[in-house]
Each structure stands twice: as C-alpha cells, then as structure tokens.
Protein chains: 2
Amino acid sequence: MPPDIPEFILPAIRAMKGYQPGEQPQGATSIIKLNTNENPYPPSPRVFEAVQYVLTGDRLRKYPDPNGWNFRQAAGKVLGVDPACIVIGNGSDEILSMAVRAIVPEGGVVVAPTPSYILYHTLAQIQGAQLKELPFEPDWSLDPRKLQGIGHLTLLPNPNSPTGTFIQPDKLKDWPTPLILDEAYADFAVGNGLHLVEQNPHIIVTRTFSKAYSLAGIRFGYAIAHPTVADQFYKVKDSYNCDVLALAAATAAITDQIYLHETRNKILTTRSRLEQELARLGFNVIPSQANFVWCQHPKKFEKRIYEELKSRGILIRYFHYPNWGNGLRISVGTDAEIDQLLDQLRTIT
Amino acid sequence: MPPDIPEFILPAIRAMKGYQPGEQPQGATSIIKLNTNENPYPPSPRVFEAVQYVLTGDRLRKYPDPNGWNFRQAAGKVLGVDPACIVIGNGSDEILSMAVRAIVPEGGVVVAPTPSYILYHTLAQIQGAQLKELPFEPDWSLDPRKLQGIGHLTLLPNPNSPTGTFIQPDKLKDWPTPLILDEAYADFAVGNGLHLVEQNPHIIVTRTFSKAYSLAGIRFGYAIAHPTVADQFYKVKDSYNCDVLALAAATAAITDQIYLHETRNKILTTRSRLEQELARLGFNVIPSQANFVWCQHPKKFEKRIYEELKSRGILIRYFHYPNWGNGLRISVGTDAEIDQLLDQLRTIT
C-alpha cells in the first residue's frame, strides 16, 4: 500500500488499484476505435430532435425529474413492464454500483464468472467485499453449484464480455439469488432474461443505452426489478443521477425501435463477416451474441497484434486474465472499418 | 421495517426512508419555483454553443473522457489550482457520495451541523453509518469541540442550507479532519475555503454547477482535494460518471466568469430586497450568504404559509427539524417572481 495515502481513506480503497476503462482518445482523431464496444452508427435522429427541444426550453437551469417518469413510461410500453419496475441510472455501471451498495455488506462476497467484466472486481473492492470467480466451463457454460451459497450477490453478464457467449435464460431459473443479469449486450443476442424478473423477484436485469442505442456519450442505463426491489435502489441512488438531456435522449431512443432494429441488423451482418474472416486468418473465434468478437491467436501473439494495430491507428482491446489466458476483443465497426482492420491483420499475422 | 422487502437487501437500506428532494413539477407549468435554489437566469450563452458543437460531432455514440481533462484544465486555470486536484462529479451530491464511500466504514460516524442539508443523513445511512448532529449555536457559529474525535468524516456546508449562514474559513483551520467543505453556495458568499485545501490535505472542498452556473439540469459538480486524495476518489467514482454534454457545458460555463458575476450580482441585489421585505412583513430573517433566504414566522405559521403559497402556484420549501423548529427557505428568483411572492405573502400573513 503506498505510504502517502492519508489514513482516513478506508484500507480497502487504499489497497485497490481502480478500474482501467479502455482508451478513449479525445478530440479530432483518425483512429479506428474498436476497443470499447461503441456503436459505429449514430443514435436515432429522434435523439437529436429531443435534445434540441430541451435546449430551446428553460430546462438546463432546473433540476431534472429525479424519478424519470417520462422515460419509465416510454420504456415500460416498449418492454411490456410496469414503469414501477424500472430504475434509471447514469449508465448501467451506476445501476451495478447501486446494487452492490444495497445488497453486499462490508466483508461480503460477490460472485461473477471469469473471464468477464473486470469492473465487477472494482465494485466489490469499493464495497470492501471480495469477488469470487466462477470459471466458465470449456463449452462456455457455467456451473453455479460450484459457488452455491457463498455469495451475497451474483453478477452475470449475458451475453458475456469479453467472450460474447450467451447462456439461455431458461438455464438461469435455478441459479442462486440475488442474481443480476447484466444485459448490456442483450440487444445483439437471440434472447434475454426479462421474463425471469417477473417469475422471481430476486432476479434483476440491467440494460444500457451505450451499445445498441449508440448513446455511450450520454450515460444512461436502467434496471428492471420487482417494484419493492426497485424502491430500495431509488433509496440508494443520487436523487438527480440522470440529467435532463440524457433522460430526453434515452426516451427518444427507446421509442424508435425501427431504427434500433436497422442498426442492429447491420451490426449483426458485419459481425458475421468479421467472425468468418478472423477464422480464415487462423484465429480461434467464439461465435458472438454481442457487438464484438473475441478471438485468440493459436501462437499466442495477442499482445503483439494489439500493439501493432495500435501503432497503425486501430484500437482493439487486449485482455489478460490471470490463470486463464489472453485474448483480443474487437468491437464490430462499420464495414469500412472492419475492412481496414482485416487488411492490417493480413499483414501482421 | 416493512416485511415485504426481500432479505437480501442490507438491513440499513431496508430501514432507511430515502432522501426526499424538493418538488420538481415537470412539463409546461406556470408555477413560480422558489423551492430548490435554482438560478432564475439561464446559463451562459457559451453553454448552448458548446453543447451544439458536441451535437454536430460524432460524440454521443462514444464514451466521454473518464478523466474530464478539458474541464479540469479550464477549472484549474480559473481557480488557480493544479488540475490534478480536481475530481469531476455527476453533481456535487455524487462527490459527497464518493467521499462517504472512500472514507466512512460500515458502522462509522459522519458529523454534520444541524439544521442543515438532510441528504447528509441519507448518505450516512446508505453507508451503514450514523450521523451525529453538531448543533448551531444561537449566534450561528459552530463549536466542533462538542463532537471532537468521534467522526470519521465531517461535512460542513458553507454557506449552510437552509439557513444561508456562513462561517469565516479562517475559523475552520483547527476543525477535526477529514473535513469536507460543501461549497455549493460559495459563489454567493463573501469568501470560500479553497486556500485551506492547500494548507491541509485532509480538507476537501466541493462545488456545484447547479446554483451560480445555472446548470442544475445538466448534473455537474467537482471537488478540490490534495492530488493523493483526488486519486482515491477517482478509484471510487464510476469511470464514465460525467457525460459528454455535461462536460462540455461545465467547461464552457466556468470559462465565462463575466456572465457568472453579472447573474450573481443580480441575485445578490434581489436577495437583499427579499430580506428587507420579509423583515417588514414580520418574519425573522437571517442575513443570507447564499441564493436563498431562510425565515421564520413569529407566530410559527410556516407550514400554513407554505401550503397557502403552493395553492396559489408559488413553491417554496418548508423544513421541520426535530428538536429545533420550523422555517421557510425561499430561493431568490427574478425580481418579478419575488414581487409576486411578496404580493401573496402580504395577503397571507
């Protein structure tokens, strides 16, 4: 532990390293950014109309609606759920943070699969809790009995990142609870676990607007939970956690399901081509249910490939999981971006 | 404790009530809103330019800068502090939340004055901690020796809400630390405690853009702390806690100090008139160093006055502090709004 951190900072915080998000180059740049699973297409035109409408009103100076009712009513209609079940968040990361704060005691245990979203470790650490890793089986299934009864909360990203693998929601019915299904990538998958929330009030689903809705810059996510559980999350959240522009943007985006389907279909088509071409280049590729593809190189050259691509202006994500191995996660960009990536890969591998 | 809350929710969360922010009527409304200390004037025109500039770029679909460097450099210049000292927050409420999470253990103690910002209670409760109240003396000073040595963190709003009273920062040098000076209203006061951060790394100052900068809708606040302490806050914060539009808006707003001074001066002039007129109407008024005025009615009619004004379309804030008393907090609106308020008060009192 660095000796110069004041002792009034909690030991768990002093000891932790902090989450390192993927690189976010700022300003004008010609970099091809395939490292943080952003959507290569712009958000729905309705988003811009909605934001402009807010800007012409007298709304920046006033606090936003702390309960986000407009969004919850719009989302409730689209999803077919009671708006009372919906918790609004400043990105789904904030929803996960609320959940850990509401559920996990200091010294408690969070269970999450490995390899998976590294933020889960950070969230456990901030709470002074421990993360226990549930390893994926060779066929990318999970056996929750391996950690049955030891966790205060299980976090399951489905589809998983960085692997893009998906567990059929019906297989999750008997999982230990409370269980959070982190469905950040569910819009790109063949199914989702929304119906499980209705069947079991100890299951919570989280969603984001950063991926399929192409609003990573605006910070908006939500949870679907039993209304009693949702009420507890509202106690934990900052009153005004979602700003007036983000609320307007998310409300406009979710009402434009036609646009969502169009961009998603484009991404799925490109994803399929990317998978095939990576396999042709000799990578081991896992079929993806998300907007990225996870691959490993048979000669374990992943880090070198990542660095070489970076030097050529293409950012992808290199992950190293201790006791597991390395891999490359490539976000599905536009066809032109993926063509450039493949051209470069052909000269590297 | 309601029996139907699932047991996986932490007992401290189940038991708490949750913070109740002031009413935020949504949609088109003719209500005169003097209840949550919003600025009656719009934000700087530069804010709208900056937001429009972001909207014309390809930025909503990409994650924002997790470190907010553009804002930190601009704010560092204006404040004369090293950008490494600045922590960006989704409102200063989020900064306070980060501080509690980084500093206060489960079962710990937070010290804050009373009567004061009720959110401090909520933040302590969420952390499973206790809030100990340091009562204001009859002359609106505070004697921290009364609670010396018992708190893991002291929160001091300066100026205070709801009273608008201000403690000269030089009197805070020997206060118990860690100490957070919540300077949400400092732009309306005769001084601030920024220099104390440099003198003592155990003192942290927080600021907001919701009041003097008229950006309550956009959610932005920041802390100024010793760089080592700031680093710890960055570990606790969600990576992408501030969205791209809020970062652009706040950066534009803080660079327009001329506009800030103009609107502040208008507010201070109206505040002075409001204080005088309330006194003339028989209220006991405390001289304010913030953008609101706290007053009490000699016949203790506060609640009736609040309700009567509300029925006439004017929202102010009624507070009841157990073991202390009642009062009315009236935000300083435009001159026209204050004229209407005073007209109504003349017919009520």
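Visitor: What do the axes of helix H4 (residues 92-103) and helix H7 (residues 227-236) of chain B do?

Guide: They come within 9 Å and cross at roughly 100°. Axes are lines fitted to C-alpha atoms, for helices over the stretch in contact, and angles run from 0 to 180 degrees between N-to-C directions. This is a predicted model, where local features need pLDDT of at least 70, side-chain atom pairs count only at pLDDT 80 or more, and totals for chains, interfaces and linings use all residues. Residues are numbered from 1 along each chain as its sequence is written, and chains are lettered from A in the order in which they are written.

Visitor: Why is H4(B) called roughly perpendicular to H7(B)?

Guide: Angles of 65 to 115 degrees count as roughly perpendicular. The crossing is roughly 100°, so H4(B) is roughly perpendicular to H7(B).

Visitor: What makes H4(B) and H7(B) meet, residue by residue?

Guide: B:Met98, B:Arg101 and B:Ala102 in H4(B) meet B:Gln232, B:Phe233 and B:Val236 in H7(B). Contact requires C-beta atoms, placed from the backbone, within 7 Å.

Visitor: Which classes does this contact of H4(B) with H7(B) have?

Guide: Four residues are nonpolar, one is polar and one is charged. Ala, Val, Leu, Ile, Met, Phe, Trp, Tyr, Cys and Pro count as nonpolar; Asp, Glu, Lys and Arg as charged; the others, Gly among them, as polar.

Visitor: Which domains does the assignment give chain A?

Guide: Domain 1 is 11-42 + 258-348, and domain 2 is 45-255. Their C-alpha centres lie 23 Å apart.

Visitor: How many residues of domain 1 of chain A are in contact with domain 2 of chain A?

Guide: 29 residues of domain 1 are in contact with 25 of domain 2. On the domain 1 side, H9(A) gives the largest share, five residues.

Technical notes
Domains from an automatic or database assignment. Contact = placed C-beta atoms within 7 Å. Helix = DSSP H or I, 4+ residues; strand = E, 2+ residues; numbered from the N terminus. Parallel < 35°, antiparallel > 145°, perpendicular 65-115°, else oblique.
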